[in-house]
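Here are my notes on the side-chain interactions, as promised. Please have the model open beside them and go through the points in order.

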Amino acid sequence: MEKGIGIVSQMVYPGRIIILGTSPAGDGVVMYAVTGRSSSSQARRLVREKRNVFVKPLDEGSLQGGNPELLVYPAIMVGRWKWIAVSNGKQTEDMPPQFKKGASPIAVMGNALGTWDYEPDDPNFTPRISGCLCDSAALSVIRRSESGEVSRSYFEMPKVPGKGRLIATYSGANVDPLPAFRGEPIEIDIEHATPREAASALYKALAPPKGGDDFRVGVAAVYRDPAGKVKFAIKNRHK
């Protein structure tokens, strides 16, 4: 079975993807991928602004028919003390104010995400997925339970060179309504030495089979070395 980033090729439509982990050389790794089915979801790209990565529309009119509150947001924010936050929505910006020396990623996300629910996009009720990386790392999934209540899950991650964890908004089937991601984060191998290599590999893994619909929007990868130096790579479908 595929253990690397290529495992996402088994997911026809994953929605958004977050990968946290450690490169073979020991760099902290944060990756984010966006896919979309509707025209408004497709008409977006990832844009780096200083030390942050935003999901933005291709032009002012491209979001017509969609909800800008759910389609435009900061995806990755690099903060002080080596902290990096990532999510599939505006909840990203609630994490940096919680960055404190010595805090755990789960404590940061617990304080930042306590008032957030799953997305109000009936009938999909898209989960809010988030991640936080410093000297350690953790992932979060906020989803709708079968009874309609909010379910919040937090997952601590071990720091192991060449290893990571993956979560997504959906389980991978391209059906309606879209089935939410379930269970624990998926263990994967991180084999790439640079963010450019990692972003290219994830973008390639998201390619459709021959004759299939191409749902790719963009991929961003951020590598942070032990000294705190950060490198970015972004690959978009549309310029």
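1. Let me begin with Glu69 and Lys90, whose side chains meet in a salt bridge with N and O 3.3 Å apart. The term salt bridge is used here for a side-chain nitrogen of Lys or Arg within 4 Å of a carboxyl oxygen of Asp or Glu. Glu69 belongs to helix α2 (residues 68-71) and Lys90 to the loop between β6 (84-87) and α3 (105-113), so this contact ties together parts 21 residues apart in sequence. Helices (H or I, at least four residues) and strands (E, at least two) are DSSP runs, numbered from the N terminus. Lys90 is partly exposed, at 24% relative accessible area. On that scale buried means under 20%, exposed over 50% and partly exposed in between, with a 1.4 Å probe and protein chains only.

2. A word on the ground rules: this is a predicted model, in which local features need pLDDT of at least 70 and side-chain atom pairs count only at pLDDT 80 or more, while totals for chains, interfaces and linings use all residues. Residues are numbered from 1 along each chain as its sequence is written, and side-chain values use heavy atoms, with hydrogens and water left out.

3. How many salt bridges are there by this rule? The count comes to 8. One of them joins Lys163 to Asp189, with the closest N and O atoms 2.7 Å apart. This pair links strand β10 (residues 163-168), which holds Lys163, to strand β11 (residues 186-189), which holds Asp189, across 26 residues of sequence. Lys163 counts as partly exposed at 38% relative accessibility, whereas Asp189 counts as buried at 18%.

4. Please look next at Asp214 and Arg237, a salt bridge whose closest N and O atoms are 4.0 Å apart. Asp214 is in the loop between α4 and β12, and Arg237 in the segment after β13 (230-236), so the pair ties together parts 23 residues apart in sequence. Asp214 is partly exposed, with a relative accessible area of 22%, and Arg237 is partly exposed too, at 34%. Arg216 joins them in a network of salt bridges.

5. On to the rings, where the structure holds 5 aromatic pairs. Rings of Phe, Tyr and Trp (its six-membered ring) pair if their centres lie within 6.5 Å; planes under 30 degrees apart count as stacked, over 60 as edge-to-face and the rest as tilted. Tyr13 and Phe215 have ring centres 5.2 Å apart and planes at 75°, so they are edge-to-face. The two are 202 residues apart: Tyr13 is in the segment before β1 (16-22) and Phe215 in the loop between α4 (195-205) and β12 (216-224). Tyr13 is buried at 4% relative accessibility, and Phe215 is buried at 11%. Ring pairs also bring in Tyr170, giving a cluster of Tyr13, Tyr170 and Phe215.

6. Tyr32 and Tyr73 form another edge-to-face pair, 6.5 Å centre to centre with 85° between the planes. Tyr32 sits in strand β2 (residues 28-35) and Tyr73 in strand β5 (residues 73-78), 41 residues apart. Both tyrosines, Tyr32 and Tyr73, are buried.

7. Arg37 deserves a visit. The charged end of Arg37 sits over the ring of Tyr13, 5.4 Å from its centre; the rule asks for NZ of Lys or CZ of Arg within 6 Å of the ring centre and within 35 degrees of the ring normal. Arg37 lies in the loop between β2 and α1 (39-42) and is partly exposed at 31% relative accessible area. Its side chain makes polar contacts with the side chains of Asn174 at 2.8 Å and Asp176 at 2.7 Å. A polar contact is a pair of N or O atoms within 3.5 Å; within protein, one must be able to donate a hydrogen and the other to accept it, and residues adjacent in sequence count only if both atoms are side-chain atoms.

8. Arg44 is found in strand β3 (residues 44-49), and its side chain reaches the backbone oxygen of Ser41 at 2.8 Å.
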